[in-house]
Amino acid sequence: MERTRAGAAVFLMLILGHLGNALEVPLDLAQPPTITQQSPKDYIIDPRENIVIHCEAKGKPHPSFSWTRNGTHFDIDQDPKVTMRPRSGTLVVDISGEKAETYEGIYQCTARNKHGAAVSNNIIIRQSRSPLWSKERNEPIRVQEGEALVLHCRPPAGLPPPIIFWMDVNFQRLPQSSRVFQALNGDLYFSNVLTEDSRNDYICYARFPHTQTIQQKQPITLLVLNLDAFNETVAALFNETDFFSDGSAEERKPTFLIPSGSSSSKMVLRGQVLELECVTEGLPTPEVSWSKLSGEFPDKRTSIVTFQKILRIVNVSDADAGEYRCTAHNRLASIHHTIRVTVKAAPYWITTPRNLVLAPREKGQIICRASGTPKPTINWAMNGIPIENSPEDSNRKVEGDTIIFEEVQTGSSAVYQCNASNEYGYLLSNAFVNVLSETPRVLTPANQVYQVIRNNHALLDCSSFGSPIPKITWFKDSQSSTLEGDPYLLHENGTLEIYVAQALNSGKYICVARNTLGIAENHVYLEVKEPTRILKQPKYKVAQRNRNVVFECKVKHDPTLIPIMIWLKDNGELPDDERFLVDSDSLTITDVTENDAGTYTCIMNTTLDHDSASAELTVVEQPDPPTDLELTDMKPRSVQLTWIPGEEHNSPIHKFVIQYTDSLHDHGHWHNLTHVPGSKTTAHLELSPYVHYSFRVLALNAVGLSDPSNPSHMYKTNPAAPDENPSGVKGFGTEHDNLMILWKPMSGLQANGPGLQYKVMWRQKDVDKNWTSVTVANVSKFMVSGTPTFTPYEVKVQAINNNGIGPDPAVVTGHSGEDLPVQAPDSVQVLVLNSTLAEVHWEPVPPKTVRGHLKGYKVYYWLERSLHKHNSHRVEQQLLTFSGNKSHGMLPGLQPYSLYLFNVRVFNGKGEGPASSNLQFETPEGVPGRPSFLRITNSNLNNLTLEWGPPNDRNGHLTGYILKYQQVNNSNELGPMEELALPANKTSVTLPNLKYSTRYKFYFNAKTGQGAGPAITEEAVTIMDEAMPSRQADIATQGWFIGLMCAIALLILVLLIICFIKRNKGGKYPVKEKEDAHTDPEFQPMKEDDCTFGEYSDTEDHKPLKGSRTPSNGTVHRDSSDDSLVDYGGGDGQFNEDGSFIGQYSGKSSIRETAEAPSPVNTTAMNSFV
């Protein structure tokens, strides 16, 4: 992840822009001329276009212009081809019909007004030249293979020099390498030639950049001869038979071609490009390296190009002087060349002369400080005339690179020129002295708004002018104190700097400029914004090809700034592809391809700052298949397989899978043979005899398996005797008098040769000593008939082929066929443990009577009848199986108070034996089941009637019933439990003296001598009687209601007193507004939706009883309007004026039925009135 933010470098540029400007005098004030534009010192012109020599200047009054050419006055009016642009010194030379070279020379412009004269640099005008190549005939070059060669270009001299490159006749660049390369002089060097270098179109091209023309040298033909051809050529020329007996080129130590010898020197000017070249020849091709003997290379300015032949250092400084070593080596030798580099310098500024504005009788100085190697000479001029030839001024003194002014007088304004020169160049600068008396003025626009990001630098401009120079002070908002000290810094030019701006620094700032002649001020505004921050940065992604990838980039920024999100790929624009979907905070790439891999950067830009974050995308897929399979070290039972891995596609190969196919036995089917780690490219393969092998390799990485490689060549192994015998040998009977011998057939790979057969052998265990055998083929089983029932046998199977027999096989024990058991279990007994569980015991049968593998015992049992007259149904027979040689078992889930019958049988693999005699047992009483129903009928004001039915499963004699019940209030709290015992012959009961309009929950169960069974539950609500007016008093007698009424009365009394006082004062009292604004918090209006009194209403959520349901004929509803009084009666609920409730108490009882345990019950808000 990479993040960037504008920082100190940006601030440095800003502050230089604010503080580094030269003194600007407003153009409405008198001032000497200033050169604002001029042509470069060395001006190369195109002879096909008019010559334009620039010279622009400003001043008050506007300056006039004149020119010199080659040091003498250039009278423009005398040359009709030369014109000067209006209000400008720029010359335009019309060269139509003229030769441009006529106007070559050194030009200098002078801009003059009554306050002084400024001059331009010496502008050297030269015409660009692109001469034609001289006609020449190039003879074919013949050279022996391995020799060094130089193809010379020698382009015509041009201005500026041409750019050289070598191409063929089809305008394709000739391939270059460390062996063949172009030197700085444009020649093409061969360290040693090869036969493939022969061609007839080595063409040198020269491109002249100024005129954009290309000149072509005649093609060069090169013939490279090997030694045999060279002998023939020489023999034909000199009638000799042989010059070289060996057909190969002789190797040579490296030799320097450029520069020659062991050392040389190079001079370079400061700020230019240093290029050191090392051209070598030799066989094999020498390798070149560079080092600096007196230090290190400058990191960011150094590059080594042209196949290590050229060392390039840009923007040379004095520190780059020293000794550089070039080393060339091949396997025969190593040689060195040392280049001593000296750095000279044309003059460069240390302190540039600056304009000086002085008030009368002030003092000042102009400094012109330059450096160079050698040290430059400083010469001064005034208004273009050497200062020593200018009128003397007692208030002016020249001291080397400084002119000092004392007690300047009005009218002494002038332009001074400083010339710093040495043998490598010169610098010329104009600086005026302007003597003025001027009141202050602020040049920065008024009400300018500066915006800056929090924690960054803030620079507030106060550009001003005045003579004497005004003093600048700053104020903020309405504060009277000046802004000095931390966090403020006032610069000489009036700029106010806040090094770390915070939100509290936002506001209005006043800049005040004062001098002895007056005062001026300006207002600016600073807005400190929140920085842009990437909160969720994109993360490194690894994606498979054809999948989708999402890079998230969530950003926080100042809401007043407009953000712009930009996504880059590898620091460039995103591909123009519809698969790249840019959202407000994400980038989605669909159907990823390998070309999508790279670094993705999200940049959030605002007008003030930006933030960026980067993440890399790696695209992976399964590897390419291996190639070039090769078999080596071939032996009868092994072979070595090697291969070349395919492309990994950014996911390392974990392993290689080697597969084989057997074209002799299983043609076209591939099988895994082995695998090796991904770091290996060879495998030692163990082989089987009599197989025609072909191999292939697959590569596996984190994405998956590659496609298979192409198959290897076939490798055939010779046949041999079997190495193994069949597996999976078994002996068992299918009938009581046979033995089936079964095995897994061997594959052709396991057979080791033709003629595969199986020798099957068997004998009765512990009876027979000799083996009975039979040899079979093409089968995997053999049946032995006439065996005794379930008798142990030893069996084995041996492989045989035409080359011999296999190893001695392993012996396996099996049994002949089973028959049904012949004896039933004896001594069968039963023990009843409780009303639902009994334990059965038996005596195991003798093993001989089982006549097979003992699988276990089965107990068959069934319900004969219930011992209760009301439950006489019979249950179907049930079965429990007890595996193994067991002698007892449990019978669970029995019906209480019932008669059961059962028997026991043994079973083996063939089936069941005879059953034991049927035995019976009785289960004792148990607790009864749940009553069949419970209903509430005849719900009245204070009593309820309950009806029920006896349990369907009585499980004994019923001895009675138990009824329990309790109240449930509106907060789901349960009241005390009431219990009532009822006789077994009753089916209903009426409960008197219940509380009206109250919910009750009932729990009802039956009992036997063994205890009570599970309960059935119901819920019901007693109703309200509308005909009972005495209920009206219930609410009125509640304490909370009396308190509420008193509070309302007191509030009304207070309001009446306030109204009375207002009226006596003659004012009007807006009752409704005052009531709205000063409502007593204890007095709240009645809610229309639930008929409750403000905050005294029941706000509890009314949830139904867990597990309960409301009958279809019930009247209790909990989904909505639980607190409505109307829900508890059939009429409309009303209140009297005194707050008492009136209405009809009528309706049906509400009943709920459930089979669950007791749980809290919600009641209505009406319970609070009861």
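Which residues have the most contacts inside the largest nonpolar core? In this predicted model, they are I53 and W67, and the core they sit in has 30 residues. Strand 3 (42-45), strand 4 (51-53), strand 5 (55-60), strand 6 (64-69), strand 9 (91-93), strand 10 (105-113) and strand 12 (123-127) each put in at least two residues. Strand 10 gives the most, with three residues.

Next come the disulfides. A search of the whole structure turns up six of them. With the bonded cysteines counted along the chain, the pairing runs 1-2, 3-4, 5-6, 7-8, 9-10, 11-12.

One of these disulfides is formed by C55 and C109, with sulfur atoms 2.0 Å apart. The pair links distant parts of the chain, since C55 is in strand 5 and C109 is in strand 10, 54 residues apart. At -70 degrees about the S-S bond, the C55 and C109 link is left-handed, and both cysteines are buried.

Another disulfide pairs C153 with C204, where the sulfur atoms are 1.9 Å apart. The torsion about this S-S bond is about -70 degrees, so the C153 and C204 disulfide is left-handed. C153 lies in the loop between strand 14 (149-151) and strand 15 (163-167), while C204 belongs to strand 18 (residues 199-208), so the pair ties together parts that are 51 residues apart in sequence. C153 has a relative accessibility of 0% and so counts as buried; C204 is buried too, with a relative accessible area of 0%.

C368 and C418 are also joined by a disulfide, at 1.7 Å from S to S. This link is left-handed as well, with -65 degrees about the S-S bond. Here C368 is found in the loop between strand 31 (364-367) and strand 32 (369-373), and C418 in strand 37 (residues 414-422), so parts that are 50 residues apart in sequence get tied together. Both C368 and C418 are buried.

Further along, C1046 is partly exposed, with a relative accessible area of 49%, whereas C1059 is buried at 17%.

T945 has a relative accessible area of 10%, so it is buried. Its side chain makes a polar contact with the side chain of T990, at 3.0 Å. Leaving aside neighbours within four places in sequence, T945 is in contact with R935, I936, T937, N938, V989 and T990.

Notes: Residues numbered from 1 in each chain as written. Predicted model: local features only at pLDDT ≥ 70, side-chain atom pairs only at ≥ 80, totals over all residues. Heavy atoms only, no water. Buried < 20%, exposed > 50% of the residue type's maximum accessible area, 1.4 Å probe, protein only. Polar contact = N/O pair within 3.5 Å; in protein donor to acceptor, adjacent residues only side chain to side chain. Contact = heavy atoms within 4.5 Å. Core = buried A, V, L, I, M, F, W, Y, C linked by side-chain atoms within 4.5 Å. Helix = DSSP H or I, 4+ residues; strand = E, 2+ residues; numbered from the N terminus. Disulfide = S-S within 2.5 Å.
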